[in-house]
Amino acid sequence: MPELPEVEAARRAVEEHCSGKRIKKAVVADDPKVIDGVSSSEFEAALLGKQIVGVHRKGKNMWLLLDSPPFPSFQFGMTGAVYIKGVAVTKYKRSAVKETDEWPSKYSKVFIELDDGLELSFTDKRRFARVRLLTDPTSVPPISELGPDALLEPMTVDELAEALSKKKIAIKKLLLDQSFMAGIGNWVADEVLYQAGIHPLETASKLPKEKCATLHKCIQEVIEWAVQVDAESSLFPLNWLFHYRWGKKPGKANGRRIDFITAGGRTTAYVPALQKLSGGAGALRADDKQRRQTSKRKKGSDEVDGSASEEEEAKESVKVKKQQNPRASGRKSSAKKKPDVSNDGSDDPENDESDEDEERKKVSKTVKKKEASERTSKKKSEATGTTKKHTKRAK
């Protein structure tokens with residue numbers, strides 16, 4: 001899902017290009033699953049004529065400060081994304097809209113036209129975002145229930161060490177807890193633990209003071225870097241786990257094997273050679289069990305944390321059928337989509353396949369087809385040669 005860096009990039013873009021301008025037109029989707037607690041017509045009426053005076057964020061939530069309440073608040077969910085027509089805005093990998101798509105997108109949930117003609121759209125294909133109209137976004141859930149923002153309200157080393165000492169749960173699960181620290185999601189948690197050399201299943205309260213200090217440093221460095229480059233992943237340091245973690249099959253990060261386990265209910269990438277689990281044989285057995293369970297799930301299907309709608313599954317099924325080779329219509333398709341499982345109703349799948357994975361799969365299929373074609377040609381050639389030999393002998 002869009003995590004703190006992606007949402008902050010969106011906030012900065014909206015602040016830079018939209019602050020001080022008035023809303024000339026508003027179109028809100030009639031989608032009560034996303035537009036929470038207010039009708040689309042009421043939402044539109046509340047926006048018309050209002051001036052955008054600021055843009056705020058806490059954790060993975062963003063809201064527009066208008067010249068008078070109520071204020072639109074955006075919880076990005078799985079694939080929520082902000083688009084400003086004609087302006088490059090960092091979008092989460094799996095956000096729905098391509099540059100060549102219609103404008104505004106059919107997935108647009110809130111479309112705004114400003115008095116200078118600039119157009120803004122908040123889109124969400126998977127429909128797990130939540131858009132609300134609130135008098136004071138910070139005083140009500142979900143924002144009121146968040147812990148300190150990882151970027152804006154960072155804990156000191158001593159505060160982090162003290163907080164961890166009271167938590168007898170896996171460190172990965174704790175980092176994903178937005179009431180503990182707001183803004184860290186799956187990829188950021190995996191990255192900071194990799195950089196700090198801490199196993200995702202390590203009990204938080206067992207971390208020594210020096211490891212707490214290392215973790216504190218890595219949280220700050222990873223988030224600050226990602227925010228500095230507007231969450232543009234191609235600008236992340238090449239030694240980050242981020243660049244190697246997205247495939248279904250274990251790969252390598254800087255020459256070391258990546259493994260996948262389940263931690264905090266999420267598929268988790270880590271490097272066993274660098275991230276050792278303390279606690280003796282019992283802990284190691286638990287680690288191995290988690291790894292085997294995750295491996296079994298991955299073999300069956302592409303694992304996704306989050307719930308897919310019936311409509312989306314139907315569309316996916318149609319898409320798969322269209323992509324199948326007509327000659328192979330009698331064969332059973334291996335492209336299946338597993339129903340998603342979510343920790344809460346609005347969270348996101350961090351292990352969805354990225355565009356990069358799709359490219360890898362296409363290349364892999366092409367290579368396999370070429371190899372199969374070469375093998376077939378070779379067999380035919382060998383068979384022809386054998387036939388000629390038998391013919392000569394018969395003569």
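Is W246 buried or exposed? At 3% relative accessibility, W246 counts as buried (buried: under 20% relative accessible area; exposed: over 50%; partly exposed in between; 1.4 Å probe, protein chains only).

1. Basis. The model is predicted, so that local features need pLDDT of at least 70 and side-chain atom pairs count only at pLDDT 80 or more, whereas totals for chains, interfaces and linings use all residues. Residues are numbered from 1 along each chain as its sequence is written, and side-chain values use heavy atoms, with hydrogens and water left out.

2. Aromatic pairs. Rings of Phe, Tyr and Trp (its six-membered ring) pair if their centres lie within 6.5 Å; planes under 30 degrees apart are stacked, over 60 edge-to-face, and the rest tilted. The count is nine aromatic pairs. F236 and F242 have ring centres 5.1 Å apart and planes at 80 degrees, so they are edge-to-face. Both residues are buried, F242 with a relative accessible area of 6%.

3. Cluster. F242 also pairs edge-to-face with W246, with centres 5.2 Å apart and planes at 80 degrees. Ring pairs link W187, F236, W240, F242 and W246 into a cluster.

4. Charges over rings. The criterion is NZ of Lys or CZ of Arg within 6 Å of the ring centre and within 35 degrees of the ring normal. R245 lies over the face of W246, at 4.8 Å from the ring centre; K33 lies over F128 at 4.3 Å.

5. Strand β2. Strands are DSSP runs (E, at least two residues), numbered from the N terminus. In β2 (residues 52–58), five of seven residues are buried.

Key: Helices (H or I, at least four residues) and strands (E, at least two) are DSSP runs, numbered from the N terminus.
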